[in-house]
Amino acid sequence: MSVEVYRDEWGIPHLRADSARELVHAQGYNAATDRAWQIEVERHRSQGTSAAFLGAESAGWDRFARQARIDDTARRCYRALDEETRGWLGAYVAGVDAGLRELGDTAPEFARAGLEPGRWQPWTPLGIWLSTHILFAGFPGKLWRDEVVRRVGPTAVGLFAMDGPGTSGSNGWLVTGDRTATGGPLIAGDPHRYIEDPGVYQQIRLACPEYDVVGFAVPGVPGIGHFGHTGTVAWAITNAMADYQDLYRERLRRLPDGGVEALGPDGWRPAFRSVETFEVAGARPQEVEVVETERGTVVIGGPDEGEGIALRQPPRVREDLGFSALPALLRARTVADVDRAFDRWAEPVNVVQAADTEGGLLHRVAGAVPERDPENLLRVVPADEPRHAWRGLRELPREPVGTIAVMANQRGLAAPLGIEFAPPHRADRIRELLDAGEKWTAPGMAAVHTDTRLASSRPLLDLVARLDGLGPGAGLGPGAEALRKRLLAWDRHMDADSADAAAYARVRAVVVRKLAAHPAFAPLTGMGEAHPEIFRPWLALAPRIAYALEALLTTGQFPDVDREEVVREAVEEVAGATETGETWGDRHRLAAWRALPDGDDGDGRDDGADGAEVRPGLSGDHDCVLSTSSVPGVTDLSARGPAARYVWDVADRANSLWVVPLGASGIPGSPHRRDQLPLWLRGELVPVVTDWTRLTGEDHPHQKEPRVYEQTVEGFGTVRVSPVDPAADLDVLHGWVREERARFWGMEGASREQVRETYEHLDSLTTHHAHLVRLDGEPVALFQTYEPEADRVSECYEVEDGDIGVHFLIAPAADGAVRGFTGALMTVLVSYALEGHGKRRIVVEPDARNAKAVALLERAGFELGPEIVLPEIDLPEVFLPEKRARIAFLKR
């Protein structure tokens, strides 16, 4: 197997192999080495076994995963795959297993959770995909609408039909060559999901003789599904907000033999039943009864209650998750290829935009949407009525592209397929911004990504404006009047440094809480009490009011609510509170989801602390283009936002840009764990590296490794590692190696010519490399790397795949100059050796007499091995005397 792994300066993996099978195996291996903890958590979630190590907070999900039969659905979909896709998927799983066996348990979270990496099944990636997306269509919203109709009446349903925190959306736009500086199309956007740590999207490049694709992968799933660029065609998706899952109210009865029957259109029919037990860390095991009728899996209620609610979803009915689209997308060269690939797409239902270098354009919906009675989309429907049965699949809409196509989950292309869509504000604002530009470039798109104008503030501010006209005795106090004027003068941008945006948010929060407590809405309280906890975000009243605030402040329904009085009270309350001078960013902070939320995960930080590094302040808001969602009236912390940003330049992929909220690595302590966060916060993007010579050094006749590595360490400086130039760097090197303190380097008596010849010889090798390390531009160290199997050290220990050997010499003036200097520098060099080269273990063999070096290695976490004797080498090109050394190892 021939596989090469390179990483750019952001630690993004670039994988190259001789075949597609070898490549997908390498992708699986990379997922295990970079994201072992993350993908193992997702595997357990798909199986309903996560509470065994995450505790009681995960028990609700495990119960649902088992009732919904996620793992069994994945198994069925896997069996139904074509042979080619099954083989491709199997190679990925084999790569994951190999990576987990070799390196998985080095992730510190496993020890903290008391968990060991497990074995993957061939269908595990399908289970991860399904468990990640099963709530995307927001079927629990039907529980809410069902209760609203029953408690208030059908006319109230539309007031609350807004995109909320329980669903996932995104922005996406396509600008044709008529409106770009290059004359080629640009595709840009950002998916809005819960921000997870590590991130749900992994930047990656996959290259083999068949294709060379950059894009965002979902760790644990092969290929690049949602956002990709093959060099000649690029594509991106947004959530179509389609409705493709149904809930059926089932009548159930238990039989004397323990079996279960369900009442359907053809009378009482047997239902599948099993009883499963799952472990819960720190608590007793839980038992769950799994029931499946001819409609679907019962996720609420059961035979003991005499009724239940069954979930019917296309992947279980059709035994198809659309995985055959994934390898087809990698091979795509044109829009027509992308279109055909998305014909195979199933879950979730998305709007697709694509463009190619031949002028092809695409704007369509892709996925599996059943044809059924319109009432199925609205609410829970009776299982025994024949009219609610599914009748095949709907034909999905598509439309031609003009000069601009925008999709931001609004009621547009996919309108016939759903009920609840996002308000039009994001889509309208994106189009307004794009129309205002003359000739767009990829870097220019950052201004669209980061726009913070909040159009949905208008109804509340209109009511604030009307407070001036209230009758005698009802006017505002001096402080409230000052606040009113501030709000009306505000530019309506939710910027992190804006005190006016914070004031608006405080008033909005009070309005939401007052409306939620108003007697008019009392019938809608307490909905979640009768349903499993996992569905409660869709059933809580305050979030529903928060996201429907525009409609509730302007509707004539609920006439008992004096909206002006509610707003007046809110302004008075906020004005009367102690003035803190806080900004929106003080309130609106990132709260990323983590499987292990409390304590140190191994990178030396308390991630439960409310520090700027862990919970930075954010610009944006739910209805801004920069959609960083909170739940007004509940919390201003943001758990959802742009899980990635991208700009695909179709004419020249090298001009493309991307960024993720945290970093490319999921490894605690890695310099690439959170190195993109500052850029993401500022709205900046990282260049997409497409030049292999920049990654491999092949523009240099002998350099076969990354040419330059650069890392900025807060409080330390920018460290740059670059190849030694034997002529230009001679003065520096000669001065260092002749110092007495460098005696173990073995060159203390060398002349300038001998030093130059030595490094010219190293420069001629493909297995040994010398680098000069600079801190903020000043040389501070010499760092040499080598392949152990091509070195005399291979005679002294058993070389393993993924080993890399290193030597380093810290400059006399630098060593000890600053407290912690050596440790900080070592951290960067270790990262370069491992992540920069895609290696798994560092091998060092300092002179056994060099006690200072051995002690440094121990402090850095190296495992000391025995003393060894390196044999003498006497060749025309080089002479190395026999050396007694202390071998040591550091695993990634």
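Reader: Great. Where do these coordinates and numbers come from?

Author: This is a predicted model, where local features need pLDDT of at least 70, side-chain atom pairs count only at pLDDT 80 or more, and totals for chains, interfaces and linings use all residues. Residues are numbered from 1 along each chain as its sequence is written, and side-chain values use heavy atoms, with hydrogens and water left out.

Reader: Got it. Back to valine 351: which strand is it in?

Author: Valine 351 sits in strand S15, residues 350-356. Strands here are DSSP runs of E with at least two residues, helices are runs of H or I with at least four, and both are numbered from the N terminus.

Reader: Is valine 351 buried or exposed?

Author: Valine 351 is buried, because its relative accessibility is 1%. Buried means under 20% relative accessible area, exposed means over 50%, and partly exposed is in between, using a 1.4 Å probe and protein chains only.

Reader: And how many residues apart along the chain are valine 351 and methionine 241?

Author: They are 110 residues apart along the chain, and their C-alpha atoms are separated by 9.0 Å.

Reader: Let's zoom out. How many helices and strands are in the protein?

Author: The protein has 28 helices and 33 strands. Its radius of gyration is 30 Å, close to the 29 Å that the globule rule gives for 892 residues, so the protein is as compact as a globular protein of that length. That radius is taken over C-alpha atoms, and the globule rule is 2.2 Å times the number of residues to the power 0.38.

Reader: What does the C-alpha trace span?

Author: Along the principal axes, the C-alpha trace spans about 95 × 75 × 60 Å. Buried residues make up 61% of the 892 residues. Among contacts with a separation of 6 or more, 68% come from residues 24 or more positions apart.

Reader: New topic: what's up with helix H8?

Author: Helix H8 covers residues 141-151, and eight of its eleven residues are buried, so H8 is largely enclosed by the rest of the structure. Trp144 and Arg145 are among the buried ones. The cover over the buried residues of H8 includes strand S9 (246-254), strand S13 (297-302) and S14. After H8 comes glycine 153, whose phi is positive, near 125°.

Reader: One last stop. Where is threonine 767?

Author: Threonine 767 is in the loop between helix H26 (752-764) and strand S26 (768-775). Threonine 767 counts as buried because its relative accessibility is 19%. Leaving aside its neighbours within four places in sequence, threonine 767 is in contact with Thr785, Tyr786, Glu787 and Ala790.

Methods
Contact means heavy atoms within 4.5 Å.
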